[in-house]
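I opened this notebook to record what I looked up in the structure. The entries follow the sequence and the model shown here.

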Amino acid sequence: MSDALPAVEAAAPAPARRGRFTVRALARRRAAVIGSTGLVLIAGLAVFAPWVAPHDPAAQDLGNILAPPFWDSAGSWEHALGTDALGRDTASRLIHGARNSLMISFAAMLIGSLLGLAAGIVSGFFGGKVDTATMRLGEIQLAFPFILLAIAILGVIPGRTPLHLILVLGIPGWIVYARVVRSRVLAERERDHVRAAAALGARRSRQLFRYVLPSVWQVVPVIAMLDIGFLVIMESMLSFLGLGLPPRFPSWGAMLAEGRRNMVISPWLSILPGLAIMLTVLSVNLTADGLADVFDPKLRKGTFRRTVLRLPERAEPDTANDHGAATRRAAAPPQRSVEAGARHAPAASGSALLRVRDLKVEFPLPGRTIKAVRGVSFDLGRGETLGIVGESGSGKSVTALSIGQLLDSPGRVTGGQILFDGQDLTRISDRAMAALRGRRIAMIFQNPTASLSPVFSIGFQMREAIRRHGRLHREEASRIAHDSLWAVGIGDPDRVLGQYPFQLSGGMNQRVMIAMAMAARPDLLIADEPTTALDVTTQAQILERLRDLVQAEGTSLIFITHDIALVAEHADRVVVMYAGQICESGPTEQVISEPRHPYTRALLESVPRPDLPAGVRLEAIPGELPDPASIPDGCPFAPRCPHVMDVCRTVNPDQFPVAPDHRAACHLWSPDRTRAGTP
Amino acid sequence: MTAPLLEVRDLHRHYTGREGFWSRRTRTVAAVNGVSFTIDEGETLGLVGESGCGKSTLARTLLFLEPPTAGHVLFRGQELNRETTADLRRRAQIVFQDPYTSLPPRMRIGRILAEPFLIHRIGDRADIPDRVSDLLRDVGLNPDVARVLPHELSGGQRQRVGIARALAVQPSLIVADEAVSSLDVSVQAQILNLLKDLQARHRLAYLFISHDLGVVKNMSHRIAVMYLGKIVELADAEELYNRPLHPYTRALLAAVPSVARTGDSRIKPAGEPPDPAQPPPGCTFHPRCPLAQPRCRVDPPELHEWLRGRVASCHFALSDIPPGETSGAAPQGAAEIERS
């Protein structure tokens with residue numbers, strides 16, 4: 001592995017393209033489909049109005065005034081929707097009204113959006129006085145009632161034309177676009193890729209048009225859609241007031257106003273244009289919703305929700321009888337791994353607090369399924385600290401989250417057992433899990449500030465948590481909160497209790513989270529990358545406190561990290577994970593000093609340790625981490641393994657014992673294989 | 001005597017902002033507060049410090065991506081100012097931390113790598129695809145990668161593209177700002193090796209910024225330690241690790257988790273770094289320092305050459321830490337300083 005150039009890698013073509021306009025993405029929202037179909041129909045009528053309309057909208061048939069529509073007994077198909085007070089055909093006037101209404105709205109939208117886009121870009125990208133001036137102008141305009149302004153302007157213009165209407169409706173709309181575009185530009189401009197372009201010497205205009213704009217313009221179509229809906233209403237309103245189009249142009253608003261006079265004898269004259277306005281605006285808004293989904297992949301994927309999913313609940317609650325559970329589950333496919341799990345269990349498994357057996361977790365996504373955890377088994381003794389170490393995609397965090405039943409949607413446990421004190425957590429009710437969580441099983445995460453509510457004080461949040469679990473009085477809860485903050489090394493708990501999470505540093509917030517978790521004296525604490533976001537000096541302080549606390553309380557700890565050195569310092573036992581599987585497990589000291597799995601070995605060698613001489617070449621692991629959606633057959637590490645054999649590419653190795661209580665999932669340690677020296 | 005490749009003299013970068021929405025008082029944060037160092041051709045200077053110490057601001061300021069408040073940056077003895085930065089853009093480049101935001105999301109890799117040639121009008125337009133292929137091969141990627149969009153690549157592959165983009169203008173200095181911090185360990189080692197190979201091949205100098213002392217030591221010839229906007233110690237990489245002078249360096253080293261710890265000679269600083277807007281008087285490290293004396297509270301130490309080629313800004317750089325004493329004065333209380 002000492003070649004000067006790393007192996008030339010093939011580009012991984014990913015099938016899923018995010019943020020792309022796809023018909024499928026739009027179709028996923030049925031409402032959007034209905035809306036856009038309606039919109040296409042209305043727009044079609046508008047565009048082809050002269051050919052579609054059965055009559056000239058202005059042609060008067062004075063012998064046939066106020067004719068009822070076809071469904072009335074007196075109606076005829078000659079004027080399907082009847083005629084108005086001058087004998088003009090209502091259907092034709094509606095169709096031509098759509099043409100005028102949509103054309104004016106569309107033209108006004110174009111003016112507003114272009115002005116707004118330009119103003120937003122200039123304002124956001126150049127900032128300073130230009131920005132202040134633009135935004136103040138917009139605020140003043142927004143404070144002035146738009147309809148009043150429109151009436152004032154249109155009222156004084158002699159000889160109104162459609163162009164006047166378009167300008168009056170269109171220009172004031174700029175501020176809506178400008179504000180959104182500006183905030184997007186502000187965010188985008190600070191991105192590293194724009195900085196990199198600046199460092200390359202790209203001019204401001206190049207930075208703007210090539211780097212900032214491509215990520216910004218997508219917000220415009222969505223706002224434009226909504227804007228059209230608003231403009232259709234505004235145009236109708238002005239026409240209704242007699243300030244819209246000159247009378248020779250048919251318009252929904254004007255039709256509504258005229259129909260009002262004959263409301264009693266021919267109600268359809270006002271109902272029909274009203275309906276037209278409503279349907280148009282509805283179609284536009286539904287389409288806008290769909291567009292928003294297409295342009296914002298976050299909304300579409302919906303993966304930001306955290307939900308609890310579990311296997312179907314049993315009819316009768318299973319009381320601590322895991323043997324029964326095991327036999328009943330024996331019909332499920334993977335017997336081999338269940339056995340492997342059983343073999344994995346240490347001799348004194350009876351005293352284990354947590355026994356995970358052949359755990360499988362999947363994330364079904366459209367078109368593919370990510371197998372995040374593929375048959376993981378381990379035991380955790382009372383008061384023991386287990387380190388789970390692995391890189392991204394190894395399944396270490398998913399394993400932890402499924403113990404706490406906090407998997408991200410759409411993740412679900414698809415097999416195996418999580419036996420906590422004899423209870424299978426994959427099969428208990430929400431209520432039973434809620435009772436365990438926090439009280440007997442506590443979790444802390446990487447980002448403490450996100451785990452705390454920003455609107456409540458630390459003291460309030462801690463008291464609430466403590467009271468919920470212990471049904472204590474306020475004073476008692478306050479005292480426990482105070483003491484547990486002291487226990488995690490906060491010197492002045494009273495001050496911290498009165499503060500809010502944003503007033504504290506990340507390190508302090510993590511101390512608060514640990515204090516909160518430990519206040520309930522849980523049997524099991526799961527710490528998922530608890531110090532990854534913190535500085536090394538803070539990390540050292542916090543982990544030392546945590547270690548002292550769990551030792552003093554006899555709490556079992558699962559410590560999940562990507563940093564094998566942290567595990568080496570803090571865990572009694574270690575589990576090394578790769579691609580959703582355990583590749584090695586055993587007592588920490590032994591695994592670190594005598595790693596048996598080639599991955600563990602490589603992981604240890606690729607860390608640039610400070611005690612290595614400066615400038616040494618690291619033993620890097622060639623290749624990339626496997627794509628969790630398509631893990632190859634056989635051993636998942638085989639493509640990167642220096643000791644790969646033929647069998648590795650086809651057979652996924654069992655957990656083979658390599659020393660007392662030390663196992664490695666590697667064919668090099670298969671009992672079938674004559675061991676000709678260590679690998 | 002030839003001038004060093006890069007010389008930074010007393011560089012400052014201050015930010016001024018209003019104290020609150022209604023407040024008329026302003027407050028100034030000295031993110032970079034008088035930093036000086038040099039980098040020679042082909043040398044790697046490591047810059048290590050914790051979050052908020054000003055190391056990334058320093059990177060951006062010395063490349064004139066942000067205007068310095070005061071101070072001088074000299075490139076091969078020539079002073080740079082805002083007008084002469086066009087030249088700098090071809091001599092110094094930067095590689096960022098996050099491979100997910102450092103590449104424009106809607107540009108194909110080939111286009112991203114063509115940009116430097118287009119911006120600087122280097123060579124013939126027709127030759128650009130060949131040059132892009134060469135760049136991709138240089139960083140260990142398949143030239144076919146040119147056809148894909150950034151999100152179709154893994155983090156490690158993207159970081160290689162980021163490095164290739166920096167190499168396009170054939171710079172003599174690359175600032176690597178936490179360039180491997182968001183990569184997985186196994187991929188991180190590949191990128192570190194790649195950076196070393198490229199250094200040898202192209203005689204590059206690096207300013208290698210990281211919070212990870214192991215990574216910095218692996219990459220650097222010399223290392224500068226930064227705390228609250230200032231360099232507090234600068235030394236040869238090996239010497240810094242063997243005998244750290246500044247108590248902050250000692251604390252940093254002791255805090256690094258290690259699979260091969262020998263003994264437990266840890267010194268831990270109490271509490272957390274102070275708010276840069278309200279730095280403590282005297283030595284800014286004194287509230288957390290196990291060696292602090294009354295003098296440290298009033299008298300800010302200057303960088304002083306305590307041993308040959310070893311500078312540190314501490315009044316007691318050569319003192320040993322008394323046994324049993326493991327942390328600063330007050331247990332926690334006084335030293336736990338919150339951002340407020």
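I began with the contact between the chains: 73 residues of chain B are in contact with 71 residues of chain A, where contact requires C-beta atoms, placed from the backbone, to lie within 7 Å. The model is predicted, with pLDDT of at least 70 needed for local features and 80 or more for side-chain atom pairs, while totals for chains, interfaces and linings use all residues. Residues are numbered from 1 along each chain as its sequence is written, and chains are lettered from A and ligands numbered from 1 in the order in which they are written.

I noted that α6(B) gives the largest share of the side of chain B that touches chain A, nine residues. By class, I found 33 nonpolar, 22 polar and 18 charged residues on that side. Here Ala, Val, Leu, Ile, Met, Phe, Trp, Tyr, Cys and Pro count as nonpolar, Asp, Glu, Lys and Arg as charged, and the others, Gly among them, as polar.

I then turned to the sheet. In chain B, an open sheet of eight strands runs in the order β6-β7-β8-β3-β9-β10-β12-β11, with mixed pairing; strands (E, at least two residues) and helices (H or I, at least four) are DSSP runs, numbered from the N terminus, and two strands pair if DSSP finds at least two bridges between them. The edge strands are β6 (92-95) and β11 (304-307) of chain B. I saw that β6(B) pairs with β7(B) (residues 173-177) in the parallel sense over four bridges, and that Gln93(B) has Ile174(B) as its bridge partner in β7(B).

Key: Contact = placed C-beta atoms within 7 Å.
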